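Please look at the sequence and the structure shown here, and then read the report that follows.

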Amino acid sequence: LRTPLTINFDELALEIQKQFPILGEIASYNPINEGYEDANIFLKTNLGEYVLKIFLTERSQDTINDYVKIILESTK
């Protein structure tokens, strides 16, 4: 397993809802099969649609921070 996910996704979805209530209640989720790095999951909630990214265990925190900056800039 390339990502640090150690619980089933139903449990993770409940934890996401608790930790990030601004996202709303998760109605459905589906993996995004394109790509080969990390895990990307499409979330549909009662408040919108989101992509959850679970990073590879080999990525450093600095690399993750840089990656997030690039994603944020590319959406502008």
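## Order of the elements

Along its sequence, the protein chain follows the pattern α-β-β-β-α, with two helices and three strands in it; helices (H or I, at least four residues) and strands (E, at least two) are DSSP runs, numbered from the N terminus. The model is a predicted one, in which local features need pLDDT of at least 70 and side-chain atom pairs count only at pLDDT 80 or more, while totals for chains, interfaces and linings use all residues. Residues are numbered from 1 along each chain as its sequence is written, and side-chain values use heavy atoms, with hydrogens and water left out.

## The sheet

The strands form an open sheet of three in the order S1-S2-S3, with antiparallel pairing, where two strands pair if DSSP finds at least two bridges between them. Strand S1 (26-31) and S3 stand at the edges with a single partner strand each, so one side of each has no neighbour in the sheet.

Strand S2 (residues 39-45) is joined to strand S3 (residues 48-54) by seven bridges, and the two form a hairpin with two residues between them. Thr-45 has Gly-48 in S3 as its bridge partner.

## Burial and surface

Of the 76 residues in the protein chain, 25% are buried, meaning under 20% relative accessible area with a 1.4 Å probe, protein chains only. The protein chain exposes about 5800 Å², and carbon and sulfur atoms supply 56% of this area, which comes from the Shrake-Rupley method with a 1.4 Å probe.

Methods. Buried means under 20% relative accessible area, exposed over 50%, partly exposed in between (1.4 Å probe, protein chains only).
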